[in-house]
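Here is a short tour of a structure with more than one part to look at. Keep the 3D view open as you read.

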Amino acid sequence: MAEAMLEVEGLKAGYGPAEVLFGVGLVLRKGEVAALMGRNGAGKSTTLKAIMGLLPPRGGRVRFNGRDITGLPPFRIARLGLGYVPEERRIFTDLTVAENLEVGRRPAPGGRAAWTPERLFAIFPNLAEMRHRRAAAMSGGEQQMLTIARTLMGNPQAVLLDEPSEGLAPVIVEQMAEAVLRMKVEGIAVLLSEQNLDFAAAVSDRAYVIEKGDIRYQGTMEALEADDHVREAYLTV
Amino acid sequence: MEPGFLVVQALSGLASASSLFVIASGLTLVFGVTRIVNFAHGSFYMLGAYMAVTIVPWLLEFDRSPWLFFIGVLASAAVVGLLGVAMELLLLRRIYKVPELFQLLATFGVVLMVQDAVLKIWGPVDIAGPRAPGLRHGVYILDQRFPAYELFLIFVGPVVLGLLWLLMHRTRFGILIRAATRDREMVGALGVNQALLFTGTLFLGAFLAGLGGALQIPRVSASGQMDISIITEVFVVTVIGGMGSVTGAFLAALLIGQLQAFGVLIFPKITLVLVFLLMAAVLVVKPWGLLGRPEAAAGRAALPEGILHPAPFDHVGRLIALLAVAAVLVLPLFGDAYVMKVVTEVLVFALAAFSLNFLVGNGGIVSFGHAAYFGLGAYAAGLLVTRLGLPMEPALLAAPIAGGAFAALFGFFVVRLSGIYLAMLTLAFAQIAYAVCFQWVEVTGGDNGVVGVWPSAWASSRHVYLYLVAACSIGAILALRHVLYAPFGATLRAARDSEQRADAIGVDVRTHRWLGFTLAGAAAGLAGGLYAFSKGSIDPTLLSIPMSVDFLAMILLGGIQTVMGPLLGAAAFHAIKDAVMPLTDYWRFLLGAAIIALVLIFPRGLGGAYAALRARA
């Protein structure tokens, strides 16, 4: 089994008086794709935000490459090699595609080839054609590609991918799946939050199921697909 | 009019537009990234001028060359830029997350501190700067003489615009600034150290303000009043242009430059008013300014925590209130004249502060110009008595009517906006009122104001007048408090907490806010009228920015999330001010430092601290 890259133990977080996470624990191993599955409001996005430091954790521990990153500011966490792709895309609409990529650019850790706009355009050919277009004038699917490319410009070793298939046309969802598998080929570990079981099954090695701020199930993706009971209890709407 | 004259007038409009743009671009950049409206930007401008009148003559001693002049100007701007860095590191960094009202107040605290520091370092006398070598002559345009330096200034604006464009589009720093203007949290999640970005932006912003000030020295002397006069103009430029938009600021500066150049020919008395009318007109049509965009939800500053549960008086509260009233009633039997003067004024300010918190704490309407209605009430009463010879009683009746009428007029525009634009518009209206009182000398007495505003004979003794003030003020406070507990007050709180949801359940948010604004204006007007008769005079300081800030400091001190806290705040603030002010030459410095300290360590005020204590017990 590959060595653990991201270790989350007993993570608690919330907004104001509302507690959302009650001690989430999960592990992301080197080079794997893991899915964090659950219904709306189960705590998927909150988990990713709390790991990234965008929401201050109220308890628990987050380790990345053996280093304690609990409560570090987001830019420190990003610089350690953990990338984040937000659910709402949050691209910089006033900036061009090329400028959006520039904001994400960080030097690659020693020995690895850095991502360049050219390498990313090879993966996301639509972006190449609109590199000088303002991001506000792009379709939703193109914006989703751009957020992933922007995060890759930071040369992360692992990426938190929040609901990558949400609200996208089926053909774009397929492109997203290819992008995730491509990241895996490049040796980047991916933790994605997802409601769409088909999408998760197509790209993930393992799955966690979260409900009401607690991890209720963990196992291989195949085992989850085979387990009707868990699927009905926590995933079907 | 001759064509030559018109051309020269247009050119001088361009020259002042250019200067205005250089300063405003810095403010708008800083706002775009930090979301803080920096009052101290005017102080940076003033410091730029003072630095330049110190550095440039020293450099020109070596050689009277144009190069040394401009090196001196740039060096002055750079020093001011470093002061901007210091302000970011020491203050702004700690207040990025606090509500915008507190940010405005804290930066105004810096304004006050800088004013006294400048007085201490450079003295009270204006300092004239050297003329620019090589640009001292005049050029003739259609037979009209036009100063060469003004011609030079016309080119500075577009050059700065061009350089800023290159910086923003061709450098990584600029691209990061533009990205942070849209979504600074996301910029951080991508690994950018926002702290460095913010510090860099403050350097750039303060540098531009300092440059604007340093470039003025051949035209105007450096003086201690430069900060407030420029900051309101620059606010207007950035608001008209759209906050955060450099190009918008350029367009707005051009508009205002021409409006002032030609407005002065047609309405020489009311140029200031014209500028503010332009702003009000633009905001009604385009609430985000010419090139501004609606605030992204992620970048919006939080409203201050307002009144949540207006509990009726409990036994302790009722006892305290009764004791306070009783103390006021028996005081004239024991107190000396000084104590009675202070108590009278405290009662007046308590009403003004209560009416302001009716807007801020209860309605979420952050008015930065509440002194306007206080002052207009005072002027209405004072002018009726002195100019028309009316007795005190009808004049006191006219005060709340005037305050309410102007609040209704200004409020009609104000309630169409929200957040920082709303605060800026209330400030602008207050400055219009101030400008009219200041410039319309024949009626208002201008800077000196009017004396001889005395009560009727029956109320002329300090005792009786104190009772009169107590009756009016406590009566008005209780009436306003009743409104706050009534469904009307609850509706305002609902609209404060969620405008959309209030709208969705059928509340006419705008009309409710408009009525609330009018009511608060009337109460402030009554306070102003009472104040005029207690002082015996009126003058423009009654509706100046510092007066508005005093009111805000009172409610902040008392705690804006409490109902009765503002009364406590008014009493504490005024008593301390009255006791400490005569003891020191540096009152403004102390006040500024106190406001900053209040924002940093005591954001819930005295009333909030009491409520927290009671909740714990």
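What does the domain assignment of chain B give? It gives domain 1 (3-298) and domain 2 (315-616). Keep in mind that this is a predicted model.

## Two domains in chain B

Start with the spacing. The C-alpha centres of domain 1 and domain 2 of chain B lie 32 Å apart. The two domains touch: 37 residues of domain 1 of chain B are in contact with 35 residues of domain 2 of chain B.

Now look at the domain 1 side of that contact. The elements of chain B that give two or more residues to it are helix H3 (66-95), helix H4 (100-122), helix H9 (226-241) and helix H11 (271-285). H4(B) gives the most, with 15 residues. By class, this side of domain 1 of chain B has 29 nonpolar, 3 polar and 5 charged residues.

## The largest nonpolar core

The largest nonpolar core has 274 residues. Those with the most contacts inside it are B:Leu105, B:Ala350, B:Leu351, B:Ala353, B:Ala381 and B:Leu543. Which helix gives the most to this core? Helix H16 (residues 419-439) of chain B does, with 15 residues. The core draws at least three residues from each of domain 1 (3-298) and domain 2 (315-616) of chain B.

Zoom in on B:Ala353, one of the residues with the most contacts inside the core. Set aside its neighbours within four places in sequence. B:Ala353 is then in contact with B:Phe551, B:Met554, B:Ile555, B:Gly558, B:Pro566, B:Leu567, B:Gly569 and B:Ala570.

Is helix H6 of chain B largely enclosed or left open? In helix H6 (residues 172-182) of chain B, 8 of the 11 residues are buried, so the helix is largely enclosed by the rest of the structure. The buried residues of H6(B) are B:Ile175, B:Leu176, B:Ile177, B:Arg178, B:Ala179, B:Ala180, B:Thr181 and B:Arg182. They pack against helix H1 (3-34), helix H5 (148-170), helix H7 (184-189) and helix H8 (194-215) of chain B. They also pack against helix H3 (97-104) of chain A.

That last partner leads to the contact between the chains. The contact takes 17 residues from chain B and 21 residues from chain A. On the chain B side, H6 and H7 are the elements that give two or more residues. H6(B) gives the most, with 6 residues. The chain B side divides into 8 nonpolar, 4 polar and 5 charged residues.

## Chain A as a whole

Chain A has 10 helices and 10 strands. Its radius of gyration is 17 Å, close to the 18 Å that the globule rule gives for 237 residues, so chain A is as compact as a globular protein of that length. Along its principal axes, the C-alpha trace of chain A spans about 45 × 40 × 35 Å.

Buried residues make up 45% of the 237 residues in chain A. Next, take contacts in chain A between residues at least 6 apart in sequence. Of these, 68% join residues at least 24 apart.

## A sheet in chain A

In chain A, 4 strands form an open sheet in the order S2-S1-S4-S5, with antiparallel pairing. Strand S2 (18-29) and strand S5 (67-68) of chain A stand at the edges. Each has a single partner strand, so one side of each is left without a neighbour in the sheet.

How many bridges join strand S1 (residues 4-15) of chain A to S2(A)? There are 9, and the two strands run antiparallel. Pick out A:Val8 in your view: its bridge partner in S2(A) is A:Leu26.

Terms used:
Residues numbered from 1 in each chain as written. Chains lettered and ligands numbered in written order. Predicted model: local features only at pLDDT ≥ 70, side-chain atom pairs only at ≥ 80, totals over all residues. Buried ≥ 20, exposed ≤ 12 C-beta atoms within 10 Å, placed from the backbone. Contact = placed C-beta atoms within 7 Å. Nonpolar A, V, L, I, M, F, W, Y, C, P; charged D, E, K, R; others polar. Domains from an automatic or database assignment. Core = buried A, V, L, I, M, F, W, Y, C linked by C-beta atoms within 7 Å. Rg over C-alpha atoms; globule rule 2.2 N^0.38 Å. Pairing = 2+ DSSP bridges.
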